[in-house]
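Subject: Structure handover

Dear colleague,

Here is the structure for your files. My notes follow below it.

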Amino acid sequence: MGSEASTYRLLRLVHAMDGATNTAILDVLGDLRLTHALADALWQLDPALPPPTMRQMAAQLQCDPSTVTFLADRLEQLGYTTREAAAGDRRARALHLTTDGRAARGRLVHAATTRTPLARLTSTEQDQLHQLLTKAMTDRDGTPASTRGEAGPAG
């Protein structure tokens, strides 16, 4: 395990990278009319995965379900999502990306993956960092700390 001073230096860099990432995509967030919280929610809606329920989104975003309701309302107003009955449980509501939502998410992902500090690393360096961060985010029992999506670009 690293020393406290080493961990502190790393945390300062992580915090600085978060700020640099937010600054690098600020214009895209403005164009898409997204706050950082809305961008994080949109980031979690990976079109390659099944649409998450509102409860699953709350767990992914590590927030109260009422916050997800607010975010879902706003994403619907922007035309980026719809809420529909979840597959297998009609009582639960799942968030589905619309065509506009897929396009907005695509712009967000493109900006985050091409403009941010991590984009300056080579593929090999990114792979090494990914392995280290995955190790850091794995619980002692080997369970990944995140069960679905990874942290978004804006938070």
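From the N terminus on, the protein chain runs α-α-α-α-α-β-β-α-α, where helices (H or I, at least four residues) and strands (E, at least two) are DSSP runs numbered from the N terminus. The radius of gyration, taken over C-alpha atoms, is 17 Å, close to the 15 Å that the globule rule (2.2 Å times the number of residues to the power 0.38) gives for 155 residues, so the chain is as compact as a globular protein of that length.

This is a predicted model: local features need pLDDT of at least 70, side-chain atom pairs count only at pLDDT 80 or more, and totals for chains, interfaces and linings use all residues. Residues are numbered from 1 along each chain as its sequence is written, and side-chain values use heavy atoms, with hydrogens and water left out.

Of the 155 residues, 30% count as buried (under 20% relative accessible area, 1.4 Å probe, protein chains only). The C-alpha trace spans about 50 × 40 × 25 Å along its principal axes.

Leaving out residues up to four places away in sequence, Met57 touches Ala41, Gln44, Leu45, Pro52, Val68 and Leu95 (contact: heavy atoms within 4.5 Å).

Regards

Conventions. Buried < 20%, exposed > 50% of the residue type's maximum accessible area, 1.4 Å probe, protein only.
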